[in-house]
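Subject: Handover of a structure

Dear colleague,

Please find the structure below, followed by a short account of what was found in it.

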Amino acid sequence: MRIAIVDESAARAAVIEEGLRDAGLSDVTIFVDRRGIAARLEALSPDVVLINLANPHRDELEELLALSKAMARPVAMFVDQSDVAGIEAAIDAGVSAYVVDGLKKERIRPILELAIRRFRAYSRLRTELDEARSALAERKAIDEAKALLMKKRGIDEPAAYAALRKAAMDSGRRIGDVADAIVTANRLMGDL
Amino acid sequence: MTTTPFRIGFLPLVDAALPILARELGFAEAEGISLELIRDISWATVNDRLLYGHSDAAHLLAPLAIATTLGLGRPATPLSVPFVLGLNGNAITLRPDLAAQVTAVGAPGDVAAIGARLAIVAQAARERGTPLRFGVVHRYSSHNYMLRYWLIGCGIDPDADVAIVTVAPPFAADALAAGEIDGICVGEPWNSVAVDRGVGVIVAVTSQIWLRGVEKVLAMRTARMEENPDLTHRLLRALYRAGVAFVDPARREDIAAILAGPAYLDGSATLIGHAISDRIVFAQGAAPIDVPDFMFQHREAANFPWVSQAAWLYAQMTIAGHVPANATSYDAAQRVFRPDVYRAALRPLGVPLPGASSKLEGGIIEALGVGTTQGRLILGADRFFDARSFDPADLAGYLGGF
């Protein structure tokens with residue numbers, strides 16, 4: 001089984017490739033750059049093309065596949081038409097596939113299920129990473145705001161933090177947001 | 001009042017206006033519909049969401065609705081078109097240096113003469129071994145068929161003399177700038193964006209090729225449409241009222257601002273305004289020129305899904321070799337357009353409803369009153385640039401002419 005992964009995110013493509021390899025599918029090629037993809041796909045002649053649903057170049061790819069001599073009558077599919085839950089899972093996960101017409105669905109199913117799981121795992125990773133990043137940014141803003149309050153109002157750190165917390169509670173906002181507002185205002189106002 | 005949720009998928013194009021306005025101007029809500037709009041970047045994704053129930057309807061290329069029903073590139077799924085979202089609104093934009101060889105840059109010209117000059121340039125490029133490359137937005141798009149129709153009519157073989165490739169609308173200007181393509185047929189605002197950046201010159205608008213060419217449609221899975229006719233009817237009434245608002249000159253600026261919003265086209269209200277007001281800037285720095293009927297979203301029952309429009313598209317699909325002509329698929333293609341649903345939905349509004357479901361396309365030379373089941377309807381000229389007309393009852397005769 002020869003599989004092509006088309007994804008503008010090299011990291012996500014690698015996550016999927018790794019999963020396919022772990023499952024014993026080693027004939028996998030990744031396409032990140034769309035330039036020259038027509039000739040390269042034609043040379044590869046894959047049985048399955050996996051692509052992220054939101055890939056902005058899907059219409060181009062479908063045109064290539066429609067004209068392809070290497071891939072016989074490829075059709076866009078999600079598992080198989082009768083498997084509604086499978087289709088929904090694929091769309092929710094954000095993965096689509098083009099499969100050579102006539103390929104047995106019992107051979108396709110495990111590949112797509114694996115791709116779906118990997119897509120999900122990747123999204124989860126991304127979300128966790130984003131959350132970690134924003135937590136870090138928030139802590140930085142709080143530290144900076146505390147330092148500003150300590151300097152301008154001549155108070156100590158616990159008092160500065162208490163002031164931030166009180167402002168947050170009074171205005172119904174998160175401490176991080178209040179800190180961010182103080183830092184931004186300070187930058188705008190300068191030494192005023 | 002409880003409202004029914006309803007989702008419509010769309011691409012960021014000016015001709016997605018009616019669903020957007022149905023939501024933003026409250027027409028959907030007034031019909032008890034809570035409209036949610038889902039933006040995507042590729043037609044493939046818009047279509048997948050529609051087919052697999054992520055959306056209830058879609059702003060879709062008319063030929064793609066037919067292709068999907070016929071099972072081209074996807075498992076066949078019957079789609080229905082109860083409402084046309086607009087006619088024309090596309091243009092052909094060439095690289096500035098190429099445009100200068102075929103047209104008086106900055107103004108519209110005679111598209112037959114422009115095409116004849118293009119044929120000479122295309123032939124020379126072909127002989128040099130670097131045939132001209134044209135972009136279209138999708139294999140099964142009105143853009144592709146309209147461009148091919150024009151090229152054929154000007155003596156250019158769209159398969160042998162030039163190359164036609166797919167380029168998604170938002171990448172049109174980049175592809176021209178990078179020299180990946182020499183020209184593109186795309187919808188607004190993407191021609192105007194290319195002109196604004198100085199990487200393209202508009203040489204023709206599609207209304208010059210076919211004055212009343214069918215463009216985007218509202219497509220639904222047939223089963224979904226028929227399971228709740230009342231909901232479908234209410235949606236169509238909301239879209240119709242959005243069309244009334246779209247053509248109101250007093251609302252143009254507001255509408256351009258709404259469409260330019262981050263959830264919709266996320267672009268320049270000024271450039272979007274060009275298409276809405278039918279005032280087109282053909283080249284960077286040129287004065288805007290009034291192009292009557294550039295975009296035709298409402299008047300003359302423009303939203304009525306004429307079965308003959310589907311038939312014309314099918315004819316172009318067979319000429320392009322996308323589908324082998326036979327009676328079964330011709331019948332299936334025509335049944336995609338559903339004037340019966342349009343009539344049932346809009347009858348309560350008292351608006352003009354054509355009595356016939358099919359007409360001779362390209363047969364109207366001067367404004368003509370047509371039979372209606374209610375109201376009074378005058379259709380303007382609908383000519384093709386090559387003066388050919390299309391009789392849906394004589395497909396074989398039409399195809400024989402190519």
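Helices are DSSP runs of H or I with at least four residues, numbered from the N terminus. Axes are lines fitted to C-alpha atoms, for helices over the stretch in contact, and angles run from 0 to 180 degrees between N-to-C directions. This is a predicted model, in which local features need pLDDT of at least 70 and side-chain atom pairs count only at pLDDT 80 or more, while totals for chains, interfaces and linings use all residues. Residues are numbered from 1 along each chain as its sequence is written, and chains are lettered from A and ligands numbered from 1 in the order in which they are written.

In chain B, the axes of helix 12 (residues 229-246) and helix 17 (residues 339-346) come within 8 Å and cross at roughly 80°. Helix 12 of chain B is therefore roughly perpendicular to helix 17 of chain B (angles of 65 to 115 degrees count as such).

Contributors include B:Pro19 of helix 1 and B:Phe246 of helix 12.

Between the chains, 16 residues of chain B are in contact with 19 residues of chain A. Helix 3 (residues 43-51) of chain B gives the most to the side of chain B that touches chain A, with 4 residues.

Yours sincerely

Terms used. Helices (H or I, at least four residues) and strands (E, at least two) are DSSP runs, numbered from the N terminus. Angles under 35 degrees count as roughly parallel, over 145 as roughly antiparallel, 65 to 115 as roughly perpendicular and the rest as oblique. Two residues are in contact if their C-beta atoms, placed from the backbone, lie within 7 Å.
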